[in-house]
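Hi,

Here is the structure I promised to pass on. Have a look at it first, and then read on for what turned up in it.

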Amino acid sequence: MKDTRIAAQGLVLLGCGKMGSAMLAGWLDRGLPADRVWVIDPKPSLWVHGTGVHINEPLPDAPAVVLVAVKPQMMGDALPSIAAFGGGETVFVSIAAGTPIAKFEEAFGVTTPIVRAMPNTPAAISQGITAICANAAGQGGLDEAADLLSAVGDVVYLDSEAQMDAVTGVSGSGPAYVFHMIETLAAGGVAQGLPAELAMQLAKATVAGAGALALQSQDDPTQLRINVTSPSGTTQAALEVLMDEKAGFPALLPRAVGAATQRSKELARG
Ligand SMILES: NC(=O)c1ccc[n+]([C@@H]2O[C@H](COP(=O)([O-])OP(=O)(O)OC[C@H]3O[C@@H](n4cnc5c(N)ncnc54)[C@H](OP(=O)(O)O)[C@@H]3O)[C@@H](O)[C@H]2O)c1
């Protein structure tokens, strides 16, 4: 990581649980010196203690970035500890699900640079995808935020915060849909007589391998599907079930994404 502002002014991480620790591990791996990071967390893990970062120590005067990684419901308790940095050049980056930029503008003022980000759980193994957007004052901080968040996977820029609810419905909540697909694919194998452990091993490796192929291939997923579907073959028999317009994936997944998007909108309204 080559962020000279962070090297000069420091980085504050508010909340160092699962997501905060995954990001911190990525930053340290990429060469950010531990003494440039100040962690605020009531019960930091042994791992955090072993990293050499400042833990619950007095904060720098004007950190380059404050990354907010507490649960949305802890926000009211947590924000006062960083409120002093509002209205200056410190860029606030929040990964809290369902917490709109307006909530931070209320707390810190509209002239504060604020970036809102939505990561997902594969961030824990640096294979996440994070979508980001910023308030008017934060547009100049987007690249710096993207550099930090790329420590845990890919980063995409949104045109507007209004897209964040649908992003939550696709990639934020999406890993759980895929986990459920693994569960039910394995259950299908068990129903056809396979031992449970073997069926689960096959299902996990199939989803992981197909996902990796979809990412790496020149072909799009539609073409990849066509490539493995021989006329009247086994795959076609299964796809006739899965691609049914009324009961298959084309009906189910958009409904699932719609339900998550709707819930995200409700949560944002508080
Ligand atoms: N996990 C995901 O996949 C995911 C995906 C997208 C977005 N997010 C967002 O990422 C954020 C963090 O999620 P997480 O899964 O990492 O949660 P987590 O593991 O619970 O981490 C939150 C950390 O913040 C600490 N904390 C609580 N109150 C605090 C305070 N007043 N000041 C400083 N730190 C405080 C918690 O300590 P205690 O445990 O002692 O309370 C905990 O260590 C959430 O806002 C979530 O919406 C997570």
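Let me start with C133: leaving aside neighbours within four places in sequence, C133 is in contact with I101, I114, V115, R116, L142, L158, S160, E161 and M164, where contact means heavy atoms within 4.5 Å. C133 sits in strand β7; helices (H or I, at least four residues) and strands (E, at least two) are DSSP runs, numbered from the N terminus. With a relative accessible area of 4%, C133 is buried. Here buried means under 20% relative accessible area, exposed over 50%, and partly exposed in between (1.4 Å probe, protein chains only). The C-alpha atoms of C133 and A117 are separated by 6.7 Å, although these residues are 16 apart along the chain.

A word on what you are looking at: this is a predicted model, in which local features need pLDDT of at least 70 and side-chain atom pairs count only at pLDDT 80 or more, while totals for chains, interfaces and linings use all residues. Residues are numbered from 1 along each chain as its sequence is written, and side-chain values use heavy atoms, with hydrogens and water left out.

The overall picture

The chain has 12 helices and 8 strands. Its C-alpha trace spans about 70 × 40 × 35 Å along the principal axes. Of the 270 residues in the chain, 39% are buried. Among contacts with a separation of 6 or more, 60% are between residues 24 or more positions apart.

The sheet

In what order do the strands of the open sheet run? The order of the 8 strands is β3-β2-β1-β4-β5-β6-β7-β8, with mixed pairing. At the edges are β3 (54-55) and β8 (153-157), each of which pairs on one side only. Two strands pair if DSSP finds at least two bridges between them.

Strand β1 (residues 11-14) pairs with strand β4 (residues 65-68) in the parallel sense over 4 bridges, and V12 stands opposite V66 in β4. Helix α5 (residues 101-108) touches β5 (91-94), β6 (114-118) and β7 (128-134), and its direction makes about 145° with that of β6. Helix α7 touches β6 and β7, and its direction makes about 35° with that of β6. For these angles, axes are lines fitted to C-alpha atoms, for helices over the stretch in contact, and angles run from 0 to 180 degrees between N-to-C directions.

β1 also runs parallel to β2, with 4 bridges joining them; the bridge partner of V12 in β2 is W38. In a regular strand the side chains alternate between the two faces of the sheet. Strand β2 (residues 37-40) is covered on both faces: V37 and V39 on one side, and W38 and I40 on the other, are all buried.

Around α7

Helix α7 deserves a visit of its own. M164, D165, V167, T168, G169 and S171 in α7 are buried, and what covers the buried residues of this helix includes β6, β7, α8 and α12.

Helix α7 (residues 164-172) packs against helix α8 (residues 174-191) at an angle of about 30°, with axes 5 Å apart. The two helices are therefore roughly parallel to each other (angles under 35 degrees count as roughly parallel, over 145 as roughly antiparallel, 65 to 115 as roughly perpendicular and the rest as oblique). On the α7 side the contact is made by G169, V170, S171 and G172, which meet G174, P175 and Y177 in α8. These residues divide into 3 nonpolar, 4 polar and no charged; Ala, Val, Leu, Ile, Met, Phe, Trp, Tyr, Cys and Pro count as nonpolar, Asp, Glu, Lys and Arg as charged, and the others, Gly among them, as polar.

From helix α12 (residues 249-269) comes S264, which is buried with a relative accessible area of 5%. Not counting residues up to four places away in sequence, S264 touches D165 and T168. The side chains of S264 and D165 are joined by a polar contact of 2.6 Å, that is, a pair of N or O atoms within 3.5 Å; within protein, one must be able to donate a hydrogen and the other to accept it, and residues adjacent in sequence count only if both atoms are side-chain atoms.

Two serines to check

Most residues other than glycine have a negative phi. S126, in the loop between β6 and β7, has a positive phi of about 60° and is partly exposed, at 42% relative accessible area. S232 also has a positive phi of about 60°; S232 is found in the loop between α10 (221-227) and α11 (234-242) and is exposed, at 72% relative accessibility.

Best wishes
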